[in-house]
Amino acid sequence: MDIGLLGQYLANGIILGTMYALVAVGFTLFFGVLDVIKFSHGDVLMLGAFTGFTAFLGLEFVGVTDPWVQVLVVTLVAVAGTAFIGAVIARYLVLPLKAAPPLNILLITLMLGTAIREAVRLFYPNGSNPKPFPALLPDASTDLGNFTLRADSVILVAVGLAVIVGLHLLINRTRLGLAIRAVAQDEETARIMGINYTMIVLVTFAIGSGAAAFAGIMNGLYYNEINFGMGLLLGLIGFSAAIVGGLGNLYGAILGGFLFAALQTIGAVALPFASAYKDVFAFGVVIAVMAWKPTGLIAERTSDRV
Amino acid sequence: MTGITIENLSTGYDKADVLLDLSLTVKPGTITCLLGSNGAGKTTVIRSILGLTPPRRGTIRLGDTDITGMATHKVIAQGLACIPEGRRMFPKLTVEENLRLGAYQVSDEALIRARMETVFETFPRLAERRDQLAGTMSGGEQAMVSIGRGLMSGPKILLIDEPSLGLSPLYVKENFKIIDGIRDQGVTVFLVEQNVRQTLGIADYGYVLSGGRLIAEGTAEALKASPEVHAAYFG
């Protein structure tokens with residue numbers, strides 16, 4: 001295989017890996033602070049993408065056409081709006097059920113996901129059809145030998161990785177991150193330290209949901225299309241990535257996201273069957289990894305959270 | 001200086017009553033102890049003050065402020081700190097991060113650093129191990145982190161729950177000396193313990209709890225000679 005093509009696959013793999021990692025981080029954060037699996041996470045991502053798309057339509061309507069302003073506003077509105085929705089879900093659906101068996105929360109968030117998905121399909125104008133997501137990033141390209149370096153790919157890779165590094169710094173280097181880690185390790189002692197537990201849970205859900213919205217916008221910009229069912233597969237992939245990496249561990253989630261993207265890319269290009277089988281291949285490997293390391297690649301020890 | 005006033009406190013988990021009509025006073029600037037054997041309800045008194053187990057009846061005041069049923073972080077904001085039973089380290093956080101969490105509500109970075117230096121002066125061992133994960137330390141070292149963490153907020157009132165639990169006699173003696181010193185700095189200390197002799201050695205005043213009720217109170221001197229104390233433990 002020539003080196004140019006390899007570079008293209010690498011760039012695609014990194015973009016996908018960043019998206020998956022951003023979804024997986026949410027699962028891991030929610031599990032860390034509240035011991036819950038929130039299955040509506042993928043559909044919250046879809047909601048983020050549609051929020052961004054609506055913001056784009058709004059900007060077009062008021063006549064703001066500069067693509068840089070558009071992409072910035074679309075991202076900010078999507079992330080902020082979805083972060084708020086995440087906090088509302090935590091406050092009114094997840095926290096009240098804290099004492100319920102984990103299976104109930106899993107079931108209820110699964111149903112919430114379906115409700116969100118169907119609501120967008122039924123109530124968003126022409127919601128059952130895919131929406132063409134605008135190409136807001138410059139698509140200028142530079143030829144480097146056989147390798148075409150596209151500006152939008154470079155921007156997606158750079159900004160996506162920056163967001164992941166930012167999340168890492170937020171969790172590990174700030175007072176808020178310290179409080180999140182403390183709550184994840186020992187909720188009651190964290191309260192005794194004077195941490196407002198409810199506030200930390202809401203902020204954590206806001207951060208996780210905002211990250212998912214960012215992944216949703218990346219997804220829209222990358223495929224130039226969004227639809228009401230996009231959260232199903234992305235949510236499942238993010239959940240698998242979080243589990244494979246080791247649920248509750250931030251680096252496990254990031255590792256899992258990139259691993260899944262690598263598997264998909266390998267499945268699409270390096271294996272002797274059609275690229276349509278890439279997900280079959282990737283999920284198959286996930287099953288094998290789970291059989292080999294049931295607690296994930298970066299295993300959680302008894303009290304190792306976030 | 002602030003004290004604690006508990007009046008007619010009754011608390012329970014589910015249907016079982018743990019504390020019945022308990023009233024006690026922790027006078028400002030003293031070490032007041034609550035003695036009792038396992039299961040007497042001592043930790044529940046601490047949990048009630050902290051707002052972790054809301055009382056069914058009765059009131060709890062810090063100074064003049066009624067804190068009955070207040071959320072824990074708001075109670076802490078009143079100038080209260082707690083060294084919980086069993087030390088309760090955050091095992092996957094470093095010693096320094098554990099200490100920082102003790103000063104979570106302090107926003108002045110210089111003050112946090114100054115207090116951390118004071119803790120390191122008291123426990124030089126912690127200074128050497130500031131970047132070590134707390135969960136990898138020995139029980140005695142974790143007790144140092146726990147005491148240091150309790151002092152990081154510069155509390156007016158300190159609740160200490162069974163500091164002698166699981167420690168060697170040497171560490172116990174050392175820790176009680178430190179608690180004695182905390183009172184001398186003007187901090188009101190409410191000390192909950194099973195270890196009668198060591199506790200009455202440093203306390204000013206004490207209460208004895210048995211089966212969720214107070215059965216004796218008095219100065220440390222009086223309690224040392226009290227038949228109720230002996231009955232509660234050995235009877």
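Predicted model: local features only at pLDDT ≥ 70, side-chain atom pairs only at ≥ 80, totals over all residues.
As for how the chain folds back on itself, 67% of the contacts in chain B between residues at least 6 apart in sequence join residues that are at least 24 apart.

Chain B is also divided into two domains, with domain 1 made of 1-79 + 156-164 + 182-235 and domain 2 made of 86-154. The centres of these two domains of chain B, taken over C-alpha atoms, are separated by 25 Å.

Now to the nonpolar core. The largest one has 158 residues, and those with the most contacts inside it are Y20(A), A21(A), L22(A), V23(A), V25(A) and A182(A). Helix 1 of chain A, residues 3-34, gives the most to this core, with 16 residues. Domain 1 and domain 2 of chain B both give residues to this core as well, so the core lies between them.

To see one of those residues in detail, which partners does A21(A) touch, leaving aside residues up to four places away in sequence? They are I164(A), A241(A), A253(A), I254(A), G257(A) and F258(A).

That brings us to helix 10 of chain A, which covers residues 250-269. At 1.5 Å a residue, its 20 residues should span 28 Å, and because its end C-alpha atoms are 29 Å apart, the model agrees with that expectation. Helix 10 of chain A is mostly covered, with 16 of its 20 residues buried.

Finally, the contact between the chains, which takes 16 residues from chain A and 21 residues from chain B. On the side of chain A that touches chain B, the elements giving two or more residues are helix 6 (175-185) and helix 7 (187-192) of chain A, and the largest share, five residues, comes from helix 6 of chain A. When we sort this side of chain A by class, we find six nonpolar, five polar and five charged residues.

Key. Residues numbered from 1 in each chain as written. Chains lettered and ligands numbered in written order. Helix = DSSP H or I, 4+ residues; strand = E, 2+ residues; numbered from the N terminus. Expected span 1.5 Å × (residues − 1). Buried ≥ 20, exposed ≤ 12 C-beta atoms within 10 Å, placed from the backbone. Contact = placed C-beta atoms within 7 Å. Nonpolar A, V, L, I, M, F, W, Y, C, P; charged D, E, K, R; others polar. Domains from an automatic or database assignment. Core = buried A, V, L, I, M, F, W, Y, C linked by C-beta atoms within 7 Å.
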